[in-house]
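Please read them with the coordinates open.

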Amino acid sequence: MTAIDVTPKGAAAPEHIPYEPPRQIRWTSTGLLLAFLAVFPLLFPNPAVTSIAVITMIFLVAAIGWNIFSGYSGYISIGHAAYYGIGQYTVALLALHAKVPAGWDTFGLLPVAGLVSAVAAVPIGFVVLRVRRHTFIILTVAVMFILQLLAFNLVSWTNGSGGLEMSFPTWQGSYFNEPFYYVGLVAAIVACAASWWVRRSKYGLGLLSIRDDEDRARGLGINATRTKLIAYAISAFFVGVAGGLYAPFIGSVYPQFGFDPTFDLAIAVLVFVGGIGTLSGPVIGALLLIPLQQYFYLQFGNANLYLIAYGVLFILILRLLPAGIAPSVTQLWRRALIARRRAAARSPAVPALAGQSPAGQSPAGQSPAAQSPAGGLPGAPPATAAVPHAGGDEVAR
Amino acid sequence: MSILQVSDVRKSYGGIQALAGCTMTFEEGAINGLIGPNGSGKTTLFNVISGYETADAGRVTLRGKDITNARADQVFALGLGRTFQITRIFPRLTVLENLHVATQRRGFVGQLRSWKSGAERSRAMEVLDFVGLTPLAEEPAGGLSYGQQKLLEFAFITVAKPSVMLLDEPAGGVNPTLLRGLADRIRSLNNEGITFVIVEHDMEFVMGLCDRVLVMHQGCALTAGAPAEVRANPDVLEAYLGSDMREAG
């Protein structure tokens with residue numbers, strides 16, 4: 001008995017062109033970014049700037065959390081503001097009723113805000129995850145509005161439309177924003193670590209298979225309901241933490257701002273622009289768009305022109321980089337790598353690679369590109385893969 | 001001895017009765033062929049057995065254990081894997097990742113660990129090597145040709161080491177060279193003790209490979225027997241195999 005041979009006669013195994021930059025480049029860029037973020041308030045101590053940085057960190061945590069569920073499972077949730085609001089109310093209510101002093105002690109409530117959101121996500125997820133695609137999206141929006149209505153109407157708990165006021169921390173003045181910024185940065189690093197773990201774990205592979213074909217995944221032993229529900233709860237945890245950080249920073253919680261539908265749109269836009277289903281997509285999206293949005297708001301906020309400027313930017317990015325920034329940049333890098341190898345292969349100084357298949361030796365029923373990963377070119381896959389790959393930071397869709 | 005038993009299974013889609021009290025037994029350790037004209041209920045039977053669809057009535061047992069209307073993941077965990085007539089792979093995952101989706105791990109800790117870790121990787125590479133897809137291991141599966149996708153689907157069922165494999169038209173769209181290799185692989189796995197149930201329209205492939213052939217017609221089992229018996233059965237020849245086979249016979 002012999003193995004099945006799908007390669008053309010005489011063809012050597014073609015060289016694989018990786019779908020993502022080498023590890024050292026990824027680790028170096030991550031390290032540089034972390035170092036920059038760590039010293040950012042020292043470089044730009046202006047409170048107007050650090051205030052934008054805090055909002056950016058909050059959205060960054062939420063975007064990474066949202067991507068853990070929606071990016072990896074393919075279930076687009078437009079109702080995660082539910083958990084943003086739950087996180088805000090958890091911190092505000094605990095601070096008010098448990099007499100938690102404003103300041104560093106309030107930050108200790110962030111994991112609680114996340115846990116309450118995650119626990120709330122379990123029964124909600126159990127219901128909404130029974131449906132797929134458009135119905136799922138509508139249900140998530142409906143749940144968010146139901147929670148907003150509850151916040152308006154459970155006056156004895158939430159003070160209704162009057163909202164809840166929180167005491168401001170003991171630290172004031174020029175350094176008011178920095179503690180919020182660094183707590184947000186730590187939360188973002190934890191969220192990134194969780195996202196990285198999900199992407200590389202056996203559990204996460206099940207989640208990615210659900211994104212591609214849920215029924216097929218079930219048929220390979222993946223308990224899809226449990227897998228999605230866990231991701232939904234993890235996602236809600238980080239969005240809840242983001243909400244829990246936002247409430248003491250602003251100093252108040254209101255139903256319409258806690259359970260805010262525009263929050264969901266903003267998160268989805270960030271992740272789509274950065275690259276949905278990738279590790280770095282939400283990071284790039286949040287770090288690029290939130291400061292820009294805040295800047296536009298400060299510059300043109302009076303006449304709402306900032307929304308137009310923001311919209312134009314969004315359209316431009318989607319037009320030029322439809323797969324999102326991270327996947328598109330990775331694709332460009334790969335194309336450049338392929339072009340370089342092609343040039344090297346053509347060079348007379350370099351001997352022809354053994355992987356080149358002689359013309360006319362195509363097995364029946366297969367396209368030349370399919371016979372060899374090199375797509376007919378020795379040592380190089382086609383410059384544009386028919387189906388983009390979702391692994392790591394490479395193309396997600 | 002039977003490993004898989006289907007008793008009086010019924011399934012309707014509106015007014016269409018796809019399975020009308022189907023009863024059949026699949027022998028353990030055999031390569032069972034399941035044939036019949038289009039619309040006779042073969043794929044519906046596969047769907048019901050493998051948990052992709054629920055039966056309206058009847059019973060399905062695997063090694064004596066009732067798996068009627070069990071979920072697809074539960075059926076797979078019990079050792080029954082299947083492929084599809086139109087391949088269903090995970091196009092945005094790499095070929096290697098596709099294989100690892102099917103590897104079974106128990107326990108919370110196992111789920112936390114990297115999918116690349118453990119002996120699973122060497123097992124996956126071994127299977128991948130056998131189906132000749134090793135050079136494509138790191139490529140997105142959606143970029144493979146249809147025939148290669150068939151092999152990949154076959155491979156990721158194989159990697160999980162099921163006791164029963166249901167193959168729905170494995171020869172469809174596969175070139176003759178690959179088909180011979182596939183038949184060899186099926187025989188090899190069968191020698192290791194895996195039971196096969198193969199739905200196939202390529203009669204040469206079925207008659208040459210299967211130990212036993214079962215025939216379906218209008219949602220019911222019509223007859224079963226050795227390939228030669230089925231081939232010689234005038235009713236089968238007339239009603240289900242068509243004139244081509246009669247002439248060939």
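1. A:R23, A:R200, B:K116 and B:R121 together form a positive surface patch (patch members have over 30% relative accessible area and no salt bridge, like charges being joined within 9 Å; a salt bridge is a side-chain nitrogen of Lys or Arg within 4 Å of a carboxyl oxygen of Asp or Glu). Of these residues, A:R23 lies in helix α1 (residues 23–43) of chain A, and A:R23 counts as exposed because its relative accessibility is 58% (exposed means over 50%, buried under 20%, partly exposed in between, with a 1.4 Å probe and protein chains only).

2. This is a predicted model, in which local features need pLDDT of at least 70 and side-chain atom pairs count only at pLDDT 80 or more. Residues are numbered from 1 along each chain as its sequence is written, and side-chain values use heavy atoms.

3. Two lysines deserve a look at their backbone: A:K99, in the loop between α3 (81–97) and α4 (104–107) of chain A, has a positive phi near 55°, and B:K161, in the loop between α6 (146–158) and β7 (164–168) of chain B, has a positive phi of about 50°. A:K99 is exposed at 66% relative accessibility, and B:K161 is exposed at 59%.

4. Over all chains there are 25 aromatic pairs (ring centres within 6.5 Å; planes under 30 degrees apart are stacked, over 60 edge-to-face, the rest tilted). One of them joins A:F36 and A:F40 edge-to-face, at 5.7 Å centre to centre and 75° between the planes; both residues lie in helix α1 of chain A, four residues apart. A:F36 is partly exposed at 39%, whereas A:F40 is buried at 15%.

Definitions and conventions. Chains lettered and ligands numbered in written order. Patch = residues over 30% accessible without salt bridge, like charges linked within 9 Å, V, L, I, M, F, W, Y side chains within 5 Å. Areas by Shrake-Rupley, 256 points an atom, 1.4 Å probe, with all protein chains shown as cover. Lys, Arg positive; Asp, Glu negative; His and termini not counted. Charge placed at Lys NZ, Arg CZ, Asp CG, Glu CD. Phe/Tyr/Trp six-rings, centres within 6.5 Å; stacked < 30°, edge-to-face > 60°.
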